[in-house]
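Trainee: Could you show me how to read the features of a protein model, taking them one at a time?
Mentor: Gladly; let us look at it together.

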Amino acid sequence: MASLLDWAASGFWHLSAWQLVLFTLGMTHVTMLSVTIFLHRHQAHRALDLHPIASHFFRFWLWLTTGQVTREWAAIHRKHHAKCEQPDDPHSPHVHGIKTVLLQGYELYRKEAQNKETLARFGHGTPNDWIERHLYTRFSFAGVALMLLLDLALFGVAGLAVWAVQMAWTPVMAAGIINGAAHYWGYRNFEASDASTNLSPWGILIAGEELHNNHHTYPTSAKLSVKPYEFDIGWLYISLLQRLGLAKVKKTPPRLAFGVLRPVADEQTLEALIQNRYELMAGYARGMRQAFNHELVALKARSADACVLKAAQHWLHRDTEKVPAAEAVHLAVVRAASPVLDKMVLMREELRQLWLNRSHTREQLAADLQAWCQRAEASGIAALQEFSLRLRAVHA
């Protein structure tokens, strides 16, 4: 009886409370790394290849700590990208509501996992070997049951709490916070076609997935950080795996390359614009903010409404269809009061149409870009002139 009570009190390891907490956090950290490296970057997006040893470790760990079926996860995530913020998006907070995704994100995932059409259309290329068919998929519940027994054996009754944290970590962090908050709050480096945001410039707690706007902008990149001040701990581990010969990175975010300033914008300039449009438009947004600051004194003299100015500053650089109706009214007031800002908004939309236009030939689009650069440089607006010169120096 004494031995049984001793086991119930502390298990076989006899860890202190702090050691137990650190062990649990370490276990959940490995789980998040398995999700981001194996399920997300390797399986769903093929951004890197993994050595069979690394690949199978991640598969086993996910079976043990989440009961996750690789085909289901990859299929649902691919559908999320294909249908992002649309009615068919499995877990968009703009479709299902932010409260639903935050609190019931796992239920939304389980519901979509039952959709055979989703699995058939988006689940291709995932593991289908003997152990996947006969253990990891067929007995997906067995792994977490084994984890419960191990936690009880190692930590006694406290193992129940360790196991509960392990089981809740992925549903809360991935299904709730990333799928919900990272499409609702945060900052945006790029004007991606969806509502994705970066929750934090330091991707540590959720292994880099906090940099969600970066990911939706460059979904096939193995690296999620793009700015000098951003840190993706998942990329740190991928780099280590690559050094050990256990991973091979296939793609990272494109980097702007500058060369000799072309006399005029040509087809090569057009190609460079299309390939680097997100980074270039982020630069255009910085120019708009600078122009706004220069115009601020005049704007305040013409409009005393600080709320209108603040709203305009936030929405000036956004795509027209992304601006809410209420904010569009404020934006129109500021544009009417500032010909400079109005010109920059108009020319931003014209530039965006160059890669959205499907009816013009390549030659016509190059001619349109050349005319755009000429008007920008003749505008007398410093931000437009600087951007046009920078654009003519970009190389694909």
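**Reading a predicted model**

Mentor: Let us begin with Glu-85, which lies in the loop between helix H4 (70-82) and helix H5 (93-96). Please keep in mind throughout that this is a predicted model.

Trainee: Which residues touch the most other members of the largest nonpolar core?

Mentor: In soluble globular proteins, nonpolar side chains tend to be buried together. Here the largest nonpolar core has 37 residues, and those touching the most other members are Leu-273, Tyr-284, Met-344, Leu-351, Leu-369, Trp-372 and Leu-384. Several helices each supply at least two residues of this core, including helix H14 (277-302), helix H17 (339-356) and helix H19 (382-393). There is also a second, separate core of 31 residues, and among its members are Met-32, Leu-33, Trp-169 and Ala-182.

Trainee: What is Leu-384 in contact with, leaving aside its neighbours within four places in sequence?

Mentor: Leu-384 is then in contact with Tyr-284, Lys-343, Met-344, Met-347, Trp-372, Ala-376 and Ser-379.

Trainee: Is Ala-247 buried or exposed?

Mentor: Since buried means under 20% relative accessible area, Ala-247 counts as buried at 9% relative accessibility. Ala-247 belongs to strand E4 (residues 247-249), and, not counting residues up to four places away in sequence, it touches Leu-48, Asp-49, Leu-50, Ile-238, Leu-241 and Gln-242. Notice too that the C-alpha atoms of Ala-247 and His-51 are separated by 5.7 Å, while these two residues are 196 residues apart along the chain.

Trainee: Which residues form a nonpolar patch on the surface?

Mentor: That patch is formed by Trp-202, Ile-204, Phe-231, Leu-236, Tyr-237, Leu-240 and Leu-244, which together have about 690 Å² of accessible area. Helix H12 (residues 233-243) contributes the largest share, 3 residues. Tyr-237 has its place in helix H12 and is partly exposed, with a relative accessible area of 30%.

Trainee: And how many disulfides are there?

Mentor: The count comes to 0 disulfides. As for individual cysteines, Cys-84 is buried at 11% relative accessibility, and Cys-373 is buried at 2%.

Conventions
Residues are numbered from 1 along each chain as its sequence is written. This is a predicted model: local features need pLDDT of at least 70, side-chain atom pairs count only at pLDDT 80 or more; totals for chains, interfaces and linings use all residues. Side-chain values use heavy atoms; hydrogens and water are left out. A nonpolar core is a set of buried Ala, Val, Leu, Ile, Met, Phe, Trp, Tyr and Cys residues joined through side-chain atoms within 4.5 Å. Buried means under 20% relative accessible area, exposed over 50%, partly exposed in between (1.4 Å probe, protein chains only). Helices (H or I, at least four residues) and strands (E, at least two) are DSSP runs, numbered from the N terminus. Contact means heavy atoms within 4.5 Å. A disulfide is a pair of cysteine sulfur atoms within 2.5 Å. Patches are made of residues with over 30% relative accessible area and no salt bridge: like charges are joined within 9 Å, nonpolar side chains (Val, Leu, Ile, Met, Phe, Trp, Tyr) within 5 Å. Accessible areas come from the Shrake-Rupley method with a 1.4 Å probe; for residues, only the protein chains shown count as cover. A salt bridge is a side-chain nitrogen of Lys or Arg within 4 Å of a carboxyl oxygen of Asp or Glu.
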